[in-house]
Amino acid sequence: MASTDDNKAASKENASSWKDSFYNPRTGEVLGRTASSWALILLFYLVFYCFLAGMFALTMWVLLLTLDDYVPRYRDRVPNPGLVIRPNSLDITFNKSDPLKYAQYVEHLETFLQRYNDSQQERNEECMAGEYFLQDDSSDMTKKACRFQRASLSVCSGLSDTNFGYHEGKPCVLLKMNRIIGLKPLGDPYINCTVKKENPVQMQYFPSEGRIDKMYFPYYGKKAHENYVQPLVAVKLLLTKEDYNKELSVECRVDGSNLRNNDERDKFLGRVTFRIKVVE
């Protein structure tokens, strides 16, 4: 019986010790600290975190004072533009006899070209071809943009052929370079596409020879150049029956200038590769 009483006493003592670790009624301590101790430590952390928040706010304020709303401070990490295609897919597959199979590509191209409509481009300037459109700094920093005629894309403009050639198995793709502030490409840049197969695939380029006119450079930034649109090059793939039901790999590059297009670390720097398959 003595051992049983001892066990009960030890159990009560352990329970009391466990409860006292949270609140000790004899000393008034909560979690081992008195009310004054808790008040002091909470006051310390309040002051400490307010100081950190103030330092962070001050640092951000000083940093924002050094930034320009119109021109990024650091622009040396992206000296060369990438090349992008529309429709926005690197794997274009469709059945030319089924409009539902290529409807997504047609809709994407038409939506993308809305900014190139004459109603939108009328507010832009008629610039001199072959010359950079250089603009001096103005008090409001607003820059004018050169007009790009959607009709210059000919049969790939969606104006005369609303299906962009997809219904006849000769699809159009649009190519554009990424925007880089201050870029002025040397030489005479143009788009050149090749298909990786034994027999070459005939292509049509719009504007003529896939030229990218210098008048669309330089770009002054999204805020300053609000109405700016990138120049486009349309490529119409003149596929034949022997090309149908085959997955063709197409590579397009920016040639004729100092823009880089052969960096193996970046497959989209000055070039883009996509696959296309037309099912008959």
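Predicted model: local features only at pLDDT ≥ 70, side-chain atom pairs only at ≥ 80, totals over all residues.
What is the handedness of the disulfide of C156 and C172, given the torsion about the S-S bond? The torsion is about -70 degrees, so this disulfide is left-handed.

## Disulfide inventory

Searching the whole structure gives three disulfides. With the bonded cysteines of the chain numbered in sequence order, they pair as 1-2, 3-4, 5-6.

## C127 and C146

The sulfur atoms of C127 and C146 are 2.0 Å apart, and the two residues form a disulfide. About the S-S bond the angle is -100 degrees, and the link is left-handed. Both C127 and C146 lie in the loop between α4 (118–121) and β5 (172–177), so the pair ties together parts that are 19 residues apart in sequence.

C127 has a relative accessible area of 16%. The cut-off for buried is under 20%, so C127 counts as buried. C146 is also classed as buried, at 4% relative accessibility.

## C156 and C172

In the disulfide of C156 and C172, the sulfur atoms are 2.1 Å apart. The pair links distant parts of the chain, with C156 in the loop between α4 and β5 and C172 in strand β5, 16 residues apart. Both cysteines, C156 and C172, are buried.

## C193 and C252

C193 is joined to C252 by a disulfide with an S to S distance of 2.0 Å. The torsion about this S-S bond is about 110 degrees, so the disulfide of C193 and C252 is right-handed. C193 belongs to strand β6 (residues 187–195) and C252 to strand β9 (residues 248–257), so the pair ties together parts that are 59 residues apart in sequence. Both C193 and C252 are buried.

## Positive surface patch

Which residues gather in a patch of positive charge on the surface? The patch is made up of R115, R123, R179 and K222.

K222 is placed in the loop between β7 (202–206) and β8 (233–238). Its relative accessibility is 71%. Exposed means over 50% relative accessible area, so K222 counts as exposed.

Note on methods: Residues numbered from 1 in each chain as written. Heavy atoms only, no water. Patch = residues over 30% accessible without salt bridge, like charges linked within 9 Å, V, L, I, M, F, W, Y side chains within 5 Å. Areas by Shrake-Rupley, 256 points an atom, 1.4 Å probe, with all protein chains shown as cover. Salt bridge = Lys/Arg side-chain N within 4 Å of Asp/Glu carboxyl O. Lys, Arg positive; Asp, Glu negative; His and termini not counted. Charge placed at Lys NZ, Arg CZ, Asp CG, Glu CD. Helix = DSSP H or I, 4+ residues; strand = E, 2+ residues; numbered from the N terminus. Buried < 20%, exposed > 50% of the residue type's maximum accessible area, 1.4 Å probe, protein only. Disulfide = S-S within 2.5 Å.
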